[in-house]
Amino acid sequence: MKKNLLLLSLLALALTACREDDPEPRITALQITAPDTTLYRGDSLRLRLTPTPPDADIRGAVWTSGDSLVAVVTPDGLVRCVGPGRTVITARLEGTSLSAKYDLTVAARATQSIAFSEPTLTLLVGEEQPTALVFTPANADDRQVVYTSSDTAVATVSSQGVITARGRGKAIVRARTVGGGQTAECQVSVQHFTERISVWLSGTWIYESDNLISACARMTLRNDSNRDLFVERFIVESDGREIHREEIHSTLSSGSKLACDVTFKNAHDPQFKYQFTVGSEQYEAHYRPHMIGAKTFPADGPRTLPIVVSRRR
């Protein structure tokens with residue numbers, strides 16, 4: 001009896017030793033699986049690596065992405081989508097020649113519409129204006145755009161959407177997406193710098209009979225253009241003769257203004273003139289009271305006058 005018990009004990013010890021010496025199951029294959037879903041930029045996807053046999057140890061797996069501009073993958077198989085395109089995710093088992101691949105596609109979000117953030121622009125000749133587009137949806141991937149101008153003599157547009165004003169007139173700048181063909185328009189008006197020069201009146205004058213005018217007024221020249229004016233003088237004429245002259249000889253920079261005061265009585269058909277120079281070109285901003293047919297201007301604040309700006313010869 002004791003002999004039998006000894007034999008059973010020895011057999012149990014042998015079996016236990018055999019089990020402890022058993023090697024890990026030999027891996028013969030790897031497979032990557034994932035839920036079937038459409039992926040877009042910003043999405044994440046958990047990949048599962050399954051060995052054959054299924055109970056084998058795969059803790060040494062290394063994950064890589066074939067194109068990090070499309071997707072990246074973490075060491076535990078979590079994929080993050082970076083941009084539209086296709087790439088291959090690979091899981092490789094270190095110390096072996098075994099690997100598995102997964103073809104991943106990141107779809108592009110289609111652009112439904114585009115629009116200029118400023119659909120109308122008024123520019124001066126020579127000015128440049130960058131534009132911005134609003135995409136719908138905001139996370140659309142089709143953002144490659146082609147720009148065109150309806151009249152390049154008025155306005156041109158660069159491949160980056162920068163508009164340059166070339167000449168006086170109107171033009172339509174269009175943007176079109178390359179992928180879907182969605183379009184947007186920007187109405188562009190181009191002015192000469194003289195169209196941004198104005199004269200403002202404050203004070204009083206009285207329009208009497210026979211085109212006789214009495215005035216006690218301030219004439220303010222405003223430069224809202226993109227050019228600096230060298231203002232030479234302010235002149236008031238009546239019947240072809242000067243009744244007032246003020247020499248100025250000062251630069252009126254863009255966005256600035258200057259004023260001249262004038263007082264006279266019973267002047268016949270007076271004309272008010274600001275003479276100025278831009279570069280080598282001489283200009284004159286003049287105004288005749290009958291242009292607006294006014295009887296009286298009370299001192300209730302400045303108002304703009306319908307001046308004419310022309311080149312001097």
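Visitor: Which residue stands opposite Ala 215 in β23?

Guide: In this predicted model, Ala 215 faces Phe 264 of β23.

Visitor: How many bridges join β20 to β23, and in what sense do they run?

Guide: The two strands run antiparallel, and 11 bridges join them.

Visitor: What about β19 and β20, how do they pair?

Guide: β19 pairs with β20 in the antiparallel sense, over 11 bridges. Within that pairing, Trp 205 stands opposite Ala 215 in β20.

Visitor: What holds strands of a sheet together in general?

Guide: Strands of a sheet pair through backbone hydrogen bonds, in either a parallel or an antiparallel way.

Visitor: How many residues lie between the strands in the hairpin of β19 and β20?

Guide: There are 4 residues between the strands, and in this hairpin Asp 210 takes a positive phi near 55 degrees.

Visitor: Now the aromatic rings. What is the count of aromatic pairs?

Guide: The count comes to 6 aromatic pairs. In one of them, the rings of Phe 234 and Tyr 274 have centres 4.8 Å apart and planes at 40 degrees, so this pair is tilted.

Visitor: Which parts does the pair of Phe 234 and Tyr 274 tie together?

Guide: Phe 234 belongs to strand β21 and Tyr 274 to strand β24, so the pair ties together parts that are 40 residues apart in sequence.

Visitor: Are Phe 234 and Tyr 274 buried or exposed?

Guide: Both Phe 234 and Tyr 274 are buried.

Visitor: And Phe 276 with Tyr 283, what are the distance and angle there?

Guide: Phe 276 and Tyr 283 form a stacked aromatic pair, at 5.7 Å centre to centre with 15 degrees between the planes. Phe 276 counts as buried, at 0% relative accessibility. Tyr 283 is buried as well, with a relative accessible area of 4%.

Visitor: Which residues do ring pairs link into a cluster?

Guide: The cluster consists of Phe 193, Phe 276 and Tyr 283.

Visitor: Which charged end sits over the ring of Tyr 283?

Guide: That of Arg 311, which is 5.6 Å from the centre of the Tyr 283 ring. Elsewhere, the charged end of Arg 143 sits over the ring of Phe 135, 4.4 Å from its centre.

Visitor: Back to Ala 100. Where does Ala 100 lie?

Guide: Ala 100 lies in strand β9, residues 99-107. Ala 100 is buried, with a relative accessible area of 5%. Leaving aside neighbours within four places in sequence, its contacts are Leu 30, Gln 31, Ile 32, Leu 49, Ile 89, Thr 90 and Ala 91.

Visitor: What separates the C-alpha atoms of Ala 100 and Thr 90?

Guide: Those C-alpha atoms are separated by 5.7 Å, while the residues are 10 apart along the chain.

Visitor: What order of strands has the open sheet of 4 strands?

Guide: The order is β2-β9-β8-β5, with mixed pairing. Its edge strands, β2 (39-40) and β5 (61-65), each pair on one side only. β2 and β9 pair in the parallel sense over 2 bridges, and Leu 39 stands opposite Val 106 in β9.

Visitor: Finally, how many helices and strands has the chain?

Guide: The chain has 1 helix and 27 strands. Buried residues make up 37% of its 313 residues.

Key:
Residues numbered from 1 in each chain as written. Predicted model: local features only at pLDDT ≥ 70, side-chain atom pairs only at ≥ 80, totals over all residues. Heavy atoms only, no water. Buried < 20%, exposed > 50% of the residue type's maximum accessible area, 1.4 Å probe, protein only. Phe/Tyr/Trp six-rings, centres within 6.5 Å; stacked < 30°, edge-to-face > 60°. Lys NZ or Arg CZ within 6 Å of the ring centre and 35° of its normal. Contact = heavy atoms within 4.5 Å. Pairing = 2+ DSSP bridges.
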